[in-house]
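Subject: Structure for your review

Dear colleague,

Please find the structure below, together with its sequence.

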Amino acid sequence: MAVVKLQRPKLNFGEKIYFGALIKGFILTMTHAVKTLRGKSVGADELASSGLGVTMQFPEQRWDSHLPEYYRGAPTLVTDEQGRERCVSCQLCEFVCPPKAIKIVPSEIPSDDPWAKVEKRPLEFEIDMIRCIYCGMCEEVCPEQAIYLRKDYLITGLKRADMVHDKKKLYEIGGTRVGLVNKWNELK
Amino acid sequence: MDLLQIAIIIVKIVVLTFMVVLPLVPVSVYFERRFSAVIQDRVGPNRVGIPLTLLGFKKDFHLFGLVQPIADGLKLFLKEDFTPAHVRKAFYWMAPALTVVPALITVCVVPFGSPISIFGHTEKLVIADLDIGPLFIFSVASLSVYGITLAGWSSNSKFPFIGGVRSTAQMISYEIALGLSIIPVLMYYGDLNLSTIVQQQADHGWLLLPLWGHDADHTFISKLLFWFPAAIAFLIFTISIFAETNRMPFDLPECETELVGGYHTEYSSMKFAMFFMGEYAAMVIGSALIITLFLGGWSIGFGLDAMVAKLHIGDFYYGGFIHLGCFLAKLIGFILFFILVRWTVPRFRYDQLMKLGWVVFFEAALINVFLAALIVAAPQLEKTIIGVGAVLLVIVTAAVIWVAKVSEEHPKVLRA
């Protein structure tokens, strides 16, 4: 049973002469070409095509409104309703980060601060977006729900330094996030 | 030959070669990329235009990406021209030139338009009005195989070498069919001068579209009868040109999927670009030859050519330029056909290609020569001789088909 003998299909005269297949092929390719030019390619609607084939033409057209819920874009830091920065600089994300893109310098919260009992906040929080691989492990590991992957995907810069997101930039992109677990809230 | 004539020839060389044919190379590259993109439901290069924003304007001028080939060329210019240490230097450097030059030399016998007349001085729109046009093209164009073979050999590595050898074998098996297939055409016109052939087509109908210009010597019936050998010749010739220019169904010498890049694997920068240019220039010349022989060359057709030739402003008969435009339009149309074939037909296997060349096209072209001879000579022959000829032709054809069929049968395997 090791050898299976395959019967090659017997070609009739028309198939052997090959021209029929050629003509069929021309018709097929030309149908595609015409459909492309008319913007009627298969899948053009679902893929929100630019009217030429199925392609979306990037700078003018964006995929943004089609991004799925689970899209993993740039990692960012968030604040909550009370305006408290949620990160407590436990550095778990720094340790779990596979490409070592995150760098945190922890600092203490002074005792006269209303959030003194949180004790720690990051002094510096940098994510090197050249290193980041958008794996989302930082979000997964964070015990404070402080770091989230947002839907931003256009991270560009003219030099390496531009590509390092510092704390200010991270909070700017992240913004406020409501409805999170309020571990440190007085009301609890 | 006085100075004026030399000046005219130089002007013709510069204008027709470097301002008409050479620009067609980037244009066909552009069409290749856009057309293939459209076939595959994509967009293709549509951005590179005139970068007005660099000069301080608000918007760039896209021009449908027509400037893309210039950007590509610039890229190739600026790339490092790397010569590997293991190559045979002299041949390695010579090979790219050997592929481009033959393709450009063959331009000289292609008639681009009807004669232009100024101040009573008539000038043909062809660089060298040779009386052996097609033969000259065949002899020079087949030199380009030396470039490919030398490139493959001098690269001193395995894949390019296989590519070079394949190219030689392919050239030998298709050159015969290529030469034989146009013999019916040459018999019909009784002339090897391409200008004369096109002029006859303009007067009496294209070879594949003989619908006008009937007279006693060129009756509609005789032209219609000759249409069949002409169509067979056209088919064989076109397919052989595909093989000759190493275009897609027969691009075994460079065959990316098997041989990396074939003969130009070891080449980079402008040396690679020369091969690229040579391939496209050969394609342009091949299309030009097919158009000239079968589709009326510069002729507009439908009996309009005589009228166009008479157009003039004072002493300046400018009809030739209209014919030149018509020729270029046909040329681009045929190049588009080349591209359509490339993106439709999958590559042949090597043994299939050899079989197609030796077993099918060679015999078909040979039989076609006899068929055409019979049709051309029929008016002068007696009925019985025509009958005998036809019967002989049928017998020979049947014999050839039978031999081809028998040779296809595989020998019985003795041990299962």
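Predicted model: local features only at pLDDT ≥ 70, side-chain atom pairs only at ≥ 80, totals over all residues.

The domain bounds used in this message come from an automatic or database domain assignment.

**Chain A: overall form**

Chain A is divided into domain 1, residues 13–58, and domain 2, residues 67–174. Between the C-alpha centres of domain 1 of chain A and domain 2 of chain A there are 47 Å. The C-alpha trace of chain A spans about 95 × 50 × 40 Å along its principal axes. Its radius of gyration is 28 Å, whereas a compact globule of 188 residues would have one near 16 Å. Of the 188 residues of chain A, 21% count as buried. Among contacts in chain A with a separation of 6 or more, 62% are between residues 24 or more positions apart.

As for secondary structure, chain A has 5 helices and 5 strands. Read from the N terminus, its elements follow the order α-α-β-α-β-β-α-β-β-α.

**Chain A: the sheet**

In chain A, 3 strands form an open sheet in the order 2-3-5, with antiparallel pairing. The edge strands are strand 2 (102–108) and strand 5 (164–165) of chain A, each of which pairs on one side only. In general, strands of a sheet pair through backbone hydrogen bonds, either parallel or antiparallel. Strand 3 of chain A, residues 120–128, pairs with strand 5 of chain A over 2 bridges in the antiparallel sense. Within that pairing, A:I127 has A:H165 of strand 5 of chain A as its bridge partner.

A:C138 lies in helix 4 of chain A, residues 137–141. Why does A:C138 count as buried? The reason is that 23 other C-beta atoms lie within 10 Å of A:C138, and a residue is buried if that number is 20 or more. Leaving aside residues up to four places away in sequence, A:C138 touches A:P75, A:C93, A:V96, A:C97, A:I102 and A:I147. A:C138 and A:N182 are 44 residues apart in sequence, and their C-alpha atoms are 19 Å apart in space.

**Chain B: two domains and their contact**

For chain B, the domain assignment gives domain 1 (15–78) and domain 2 (84–350). The C-alpha centres of domain 1 of chain B and domain 2 of chain B are 24 Å apart. Their contact takes 16 residues from domain 1 of chain B and 18 residues from domain 2 of chain B.

On the side of domain 1 of chain B that touches domain 2 of chain B, helix 1 (3–39) and helix 2 (68–78) of chain B each supply at least two residues. Helix 1 of chain B gives the largest share of that side, with 13 residues. By class, the side of domain 1 of chain B that touches domain 2 of chain B comprises 11 nonpolar, 4 polar and 1 charged residues.

**The nonpolar cores**

The largest nonpolar core has 95 residues, of which B:A281, B:V284 and B:I285 touch the most other members. Helix 11 of chain B, residues 269–294, gives the most to this core, with 17 residues. Both domain 1 (15–78) and domain 2 (84–350) of chain B are represented in this core, each by at least three residues. B:V284 touches B:V21, B:L24, B:V25, B:S28, B:L331 and B:I335, not counting residues up to four places away in sequence.

**Helix 8 of chain B**

Helix 8 of chain B, residues 194–204, is mostly covered, as 8 of its 11 residues are buried. These buried residues are B:L194, B:S195, B:I197, B:V198, B:Q199, B:Q200, B:Q201 and B:A202. They pack against helix 4 (133–141), helix 7 (183–189), helix 11 and helix 12 (305–310) of chain B. After helix 8 of chain B comes B:G205, which has a positive phi, near 95 degrees.

**Between the chains**

Finally, 9 residues of chain B are in contact with 14 residues of chain A. The side of chain B that touches chain A has 6 nonpolar, 1 polar and 2 charged residues.

With kind regards

Definitions and conventions
Residues numbered from 1 in each chain as written. Chains lettered and ligands numbered in written order. Contact = placed C-beta atoms within 7 Å. Helix = DSSP H or I, 4+ residues; strand = E, 2+ residues; numbered from the N terminus. Nonpolar A, V, L, I, M, F, W, Y, C, P; charged D, E, K, R; others polar. Rg over C-alpha atoms; globule rule 2.2 N^0.38 Å. Buried ≥ 20, exposed ≤ 12 C-beta atoms within 10 Å, placed from the backbone. Core = buried A, V, L, I, M, F, W, Y, C linked by C-beta atoms within 7 Å. Pairing = 2+ DSSP bridges.
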